[in-house]
Amino acid sequence: QVRLVESGGGLVQTGGSLRLSCAASGIIFPFYTMGWYRQAPGQQRELVATITRSGVTNYADSVKGRFTISRDDAKSTVYLQMNSLKPEDTAVYFCKADREFSLRIAVYWGQGTQVIVSS
C-alpha cells in the first residue's frame, strides 16, 4: 500500500518560514519524481515545485527564490523549505509522487497539510 504523509504545516506570520515534509512508503522512492502542489479555497490545484530522481528541480514563478525543494532518498522523504511567506501562499499543500513505466504512469498523492500565512 502506497502512502504519502505530509507534515509541517501550520499558522505563520507574513515573512516567516515553514518546512514541509512528505514521507513515502510502499514505493521505490529513488525512482520517483516528487512534487509539491497547493490548492487555495475556490482555486485549482497548482504546481509549487518538483524534483526528479536525479535532483533536477522546477519551481512555479510565484515561489522562485523563496521556496526550496529537496529529497532524502535514504529516508524516502521530500521536503519543501518555505521562506518569506506571503498571505497568498495560504493553501493546502499536497505531496505527489510519479513514475513513468513502459505502459503506464503511476501517480500517488498525499492527503495534504494546511498552511496559513497571516498578514
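**Bonds, burial and contacts in a predicted model**

Trainee: Why is the disulfide of C22 and C95 called left-handed?

Mentor: The torsion about the S-S bond of C22 and C95 is about -80°, so the disulfide is left-handed. Please bear in mind that the model is predicted.

Trainee: What makes C22 and C95 a disulfide?

Mentor: Their sulfur atoms are 2.1 Å apart, and the criterion is a pair of cysteine sulfur atoms within 2.5 Å. The pair therefore qualifies. The structure holds 1 disulfide.

Trainee: What makes E46 and R38 a salt bridge?

Mentor: The closest N and O atoms of E46 and R38 are 2.7 Å apart. The cut-off is 4 Å between a side-chain nitrogen of Lys or Arg and a carboxyl oxygen of Asp or Glu, so the pair meets the condition.

Trainee: How many salt bridges does the structure hold, and where does K64 form one?

Mentor: The structure holds 5 salt bridges. K64 is paired with D61, with the closest N and O atoms 3.1 Å apart; that value lies within 4 Å, so the name applies here as well. D61 has 67% relative accessibility and counts as exposed, because the threshold for that class is over 50%.

Trainee: What makes R71 and D73 a salt bridge, and how is each residue classed?

Mentor: Their side chains meet at 2.8 Å, N to O, which is within the 4 Å limit. R71, at 17%, is buried, whereas D73, at 30%, is partly exposed. Elsewhere, salt bridges that share partners join R38, E46, R66 and D89 into one network.

Trainee: Which residues have the most contacts inside the largest nonpolar core?

Mentor: That core has 31 residues, and those with the most contacts inside it are M34, W36, V78, L80, M82 and Y93. At least two core residues come from each of β3, β4 (33-39), β5 (46-51), β7 (67-72), β8 (77-82), β9 and β11 (113-118). In soluble globular proteins, nonpolar side chains tend to be buried together.

Trainee: What is Y93 in contact with, leaving aside its neighbours within four places in sequence?

Mentor: The partners of Y93 include W36, L80 and M82, as well as E6, R38 and G112.

Trainee: Where does G112 lie, and how do you know whether it is buried or partly exposed?

Mentor: G112 is placed in the loop between β10 and β11. Its relative accessible area is 25%; buried would require under 20%, so G112 is partly exposed. Not counting residues up to four places away in sequence, G112 touches E6, V92, Y93 and F94. The C-alpha atoms of G112 and V92 are separated by 5.8 Å, although the two residues are 20 residues apart along the chain.

Trainee: What makes I105, V107 and W109 a nonpolar patch on the surface?

Mentor: Together they have about 270 Å² of accessible area. Patch members need over 30% relative accessible area.

Trainee: What sets S76 and S84 apart in backbone terms?

Mentor: Neither is a glycine, yet S76 has a positive phi of about 50°, and S84 likewise has a positive phi of about 50°. S76 lies in the loop between β7 and β8, and S84 in the loop between β8 and β9.

Trainee: How do you know whether S76 and S84 are buried or partly exposed?

Mentor: S76, at 19%, falls under the 20% limit and is therefore buried. S84, at 41%, lies between 20% and 50%, so S84 counts as partly exposed.

Methods
Residues numbered from 1 in each chain as written. Predicted model: local features only at pLDDT ≥ 70, side-chain atom pairs only at ≥ 80, totals over all residues. Heavy atoms only, no water. Buried < 20%, exposed > 50% of the residue type's maximum accessible area, 1.4 Å probe, protein only. Core = buried A, V, L, I, M, F, W, Y, C linked by side-chain atoms within 4.5 Å. Helix = DSSP H or I, 4+ residues; strand = E, 2+ residues; numbered from the N terminus. Contact = heavy atoms within 4.5 Å. Patch = residues over 30% accessible without salt bridge, like charges linked within 9 Å, V, L, I, M, F, W, Y side chains within 5 Å. Areas by Shrake-Rupley, 256 points an atom, 1.4 Å probe, with all protein chains shown as cover.
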